[in-house]
Structure formats: C-alpha cells, structure tokens
Amino acid sequence: MSMKGQTFVIMAIIIVIVMVMLKSSLNFVKIIENKRYIESGLERYQFQNVKDELEKTIQISYPNGKNITDNLNEFLKFSRQSFKSRTIELNGLFLEAYFPTIETGIDTRLNVSVLNLLGETINTINLSFSGSGVGQTQTNYTFEDYNILDTNFTFNLQANVYNYTLNITYNTSSENATKIIIIPTEVGKTKYIYYFDIRMVSNKLEQRDILESTVILNESS
Amino acid sequence: MKGLLKSLEAIIAVLIILTVFITYFGTKEALPEFETITWQLKGFNSLKALDDSNELKNYTKTNNTSGLETRLLSMLPRDIDYEVVICDLTCSDPNIESEKLTSITYLTVGGVNDFQSKQVILYMYRE
C-alpha cells in the first residue's frame with residue numbers, strides 16, 4: 001500500500017475530528033438556559049410592575065385611608081385575575097391599618113383590614129393589639145381566600161409619641177406564620193401602615209417580597 | 001492495481017466523512033427564539049417609561065389605543081408591527097395572523113383622583 005493512498009483516509013479522519021469538535025462547541029443546553037434566564041427576567045419585571053403600582057395606588061389615593069385600602073384591595077384582586085389568565089399565580093397576605101388624627105387623652109380607633117389572597121383558606125387568624133394600657137385580641141376562623149377581614153382596635157394616647165404593637169398570627173393547611181407590626185402613633189398625625197407579603201409563582205420562577213411602610217396621611221399644625 | 005487501491009481508499013475516506021456528517025449534522029436542532037423576547041422586553045420598558053412619566057394614564061383613561069400606538073412609534077423597533085389593547089379583565093382578541101407574534105401585559109392604576117385598574121396588552125408581530 002502506498003503512502004499517497006493512506007493520506008486520503010488520514011485526511012478524512014482529521015476532517016471528522018474537526019466536524020465533531022465544531023458540533024460540540026455549539027452548546028444548545030446553555031443557549032436554552034440563557035433563553036429561560038431572559039424570560040424569567042421578564043417575569044421579574046412583571047412582579048415589579050405589581051409592586052410599583054401598589055405603591056402608586058397609595059400615592060394617588062392619598063390622603064384618605066379608606067380610599068387607599070379600597071383601591072389597594074381592588075388592584076390586588078385585579079392583578080391576581082390578570083396573572084391567572086397568563087397561568088401565573090399571584091398570592092399573598094395584605095394587612096393595612098390606619099388611624100385618624102390623634103388627640104391626647106381621647107379614644108382613637110385603629111382600623112385594620114386584612115386581605116387573604118394566599119390561594120387557600122386561613123383556618124385561624126389572630127390579631128392582637130398591645131401597648132401602654134391596651135391589650136385587645138381578636139380571633140377569626142375559616143377566613144376564605146379572596147375575602148377581606150375588617151376590624152378595629154381602640155387606644156388612648158397619653159404621651160406625644162408611642163409605638164403600639166399589632167401581632168398577626170395565622171395558619172393554613174400549608175403554613176403557620178407570625179408577624180409583628182409596629183403601629184407608630186403620634187399626637188396630631190394620621191398614619192397609614194401597611195404590610196404586604198406578596199408572592200408570584202410561574203412555571204419558570206418563584207418570587208416573594210415583603211413590602212412594609214408607614215405613610216403620614218395628615219398632620220395638624 | 002495501485003491505482004485501484006488509491007481509488008478504493010479515496011472512496012472509504014469520502015464515506016467516513018459523509019457518515020459522520022449525516023449522523024452529526026443531519027438532525028435539525030432548532031435554535032431557541034430570542035427575537036420575540038427582545039420585543040417583549042422593549043415593549044414592557046416602553047410602557048413602563050410612559051407610566052413613570054404619567055403619560056400612560058392619559059391613554060388608558062380614554063381607551064385611546066391609536067394615540068398610544070402613535071406614541072410608541074419612536075420607542076419600539078422599526079421593523080415590527082404592533083397593536084395595543086386597553087382593557088379591564090375582559091380583553092378583546094385583535095385577531096392578528098402572523099408567524100411571529102408575541103405580547104406583553106402591563107398593569108396600571110391610573111392617576112390622582114382617577115384610580116382605575118387597567119391592562120395594557122401590547123401585541124408585537126412581523127408580517
């Protein structure tokens with residue numbers, strides 16, 4: 001067998017090796033992973049969209065505490081339906097509290113609203129309001145998904161500034177949770193306090209965030 | 001005889017290359033579609049920019065889809081067509097027939113003294 005004849009086969013083997021290397025360098029798995037990452041980025045934007053609009057709702061419904069609560073609850077239910085039509089679950093527990101302008105030594109009412117969007121029934125929910133001279137507890141059973149629990153507590157502020165505590169405890173078939181929320185009362189001011197535990201679940205991504213803040217709605221000069 | 005062997009070896013070499021080529025490159029693996037995702041990101045960011053500048057509520061308040069489409073002209077890529085639907089929870093289907101079609105949904109709450117939950121659905125496609 002001559003050397004010239006063998007070179008054809010050797011060349012063929014070299015070409016085959018180059019072809020295999022070229023094919024291996026095209027990493028389809030990585031390309032698909034990149035695509036999923038970009039798509040999940042879009043879902044992060046959509047989650048942020050809900051959070052931004054929640055904060056915007058507070059701004060545009062200002063300074064009426066009841067308006068804020070009603071509008072937020074409406075927007076949350078709306079968002080959930082919208083996401084549902086896109087096979088994305090938007091769930092959460094949303095607590096809002098507000099009180100009118102406080103005067104020293106006069107009973108003031110703290111209005112509390114809880115919206116259950118956890119996607120399941122809360123078996124027991126316990127709201128406990130405590131602080132100087134106050135110790136009130138309310139317990140509710142079978143708090144269904146999509147329902148709103150409206151209640152109130154009374155306090156009588158003796159100092160200029162005082163931090164009361166609102167303790168919320170609930171249990172469902174899948175979770176037990178407790179959260180302590182500070183209610184910063186102050187003479188001459190109307191405040192709105194919110195605590196949102198918001199969750200988004202899709203086939204690509206799970207996201208959860210806690211939004212909580214106190215907004216001064218009004219202050220007497 | 002030598003010439004015959006050379007020819008045989010050349011045929012073997014061609015067969016090796018062909019076999020590997022057909023085995024490795026014969027099956028068609030479609031590359032993932034990235035272009036529509038880029039459209040979605042651009043569409044979403046455009047609507048967000050309009051919402052942040054309080055312009056979006058002017059269109060959603062009056063269901064002014066044509067006005068919003070004109071406004072988006074300078075914000076979206078030139079080589080795509082698009083259509084806007086502004087709705088509550090029940091939204092109409094624009095019946096677009098296209099091989100490459102995607103959409104994004106943006107939620108908005110309106111403006112001061114004008115709270116209104118709305119969906120803005122931006123359909124993007126290429127004819």
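Here are some questions and answers on this predicted model of chains A and B.

Residues count from 1 along each chain as its sequence is written, while chains are lettered from A and ligands numbered from 1 in the order written. As this is a predicted model, local features need pLDDT of at least 70 and side-chain atom pairs count only at pLDDT 80 or more, whereas totals for chains, interfaces and linings use all residues.

Me: In what order do the 4 strands of the open sheet in chain A run?
Reply: Helices (H or I, at least four residues) and strands (E, at least two) are DSSP runs numbered from the N terminus, and two strands pair if DSSP finds at least two bridges between them. The pairing in this open sheet is antiparallel. Its edge strands, each pairing on one side only, are β4 (134-143) and β7 (176-186) of chain A. The order is β4-β3-β6-β7.

Me: How many bridges join β6(A) to β7(A)?
Reply: Strand β6 of chain A covers residues 161-171 and runs antiparallel to β7(A). One of the pairs puts Tyr162(A) with Thr185(A) in β7(A). The count of bridges is 11.

Me: Which residue takes a positive phi in the hairpin of β3(A) and β4(A)?
Reply: β3(A), residues 122-131, pairs with β4(A) in the antiparallel sense over 9 bridges, and Ser130(A) stands opposite Gly135(A). The hairpin has 2 residues between the strands. The phi in question is near 75 degrees, and the residue is Gly133(A).

Me: Which residue in β6(A) stands opposite Phe129(A)?
Reply: β3(A) also pairs with β6(A), in the antiparallel sense and over 7 bridges. Opposite Phe129(A) you'll find Leu166(A).

Me: Which element gives the most to the side of chain B that touches chain A?
Reply: Contact here means C-beta atoms, placed from the backbone, within 7 Å; on that count 33 residues of chain B touch 37 residues of chain A. At least two residues each come from α1 (2-25), α2 (35-52), β2 (100-111) and β3 (114-126) of chain B. With 13 residues, the top giver is α1(B).

Me: Are α2(A) and α2(B) roughly parallel or antiparallel to each other?
Reply: Axes are lines fitted to C-alpha atoms, for helices over the stretch in contact, with angles from 0 to 180 degrees between N-to-C directions. Helix α2 of chain A (residues 28-61) packs on α2(B) at about 20 degrees, with the axes 10 Å apart. Angles under 35 degrees count as roughly parallel, over 145 as roughly antiparallel, 65 to 115 as roughly perpendicular and the rest as oblique. The two helices are therefore roughly parallel.

Me: In β3(B), what is the bridge partner of Tyr106(B)?
Reply: β2(B) and β3(B) run antiparallel and are joined by 11 bridges. Their hairpin has 2 residues between the strands, and Asn113(B) takes a positive phi near 60 degrees there. Tyr106(B) has as its partner Val120(B).

Technical notes. Contact = placed C-beta atoms within 7 Å.
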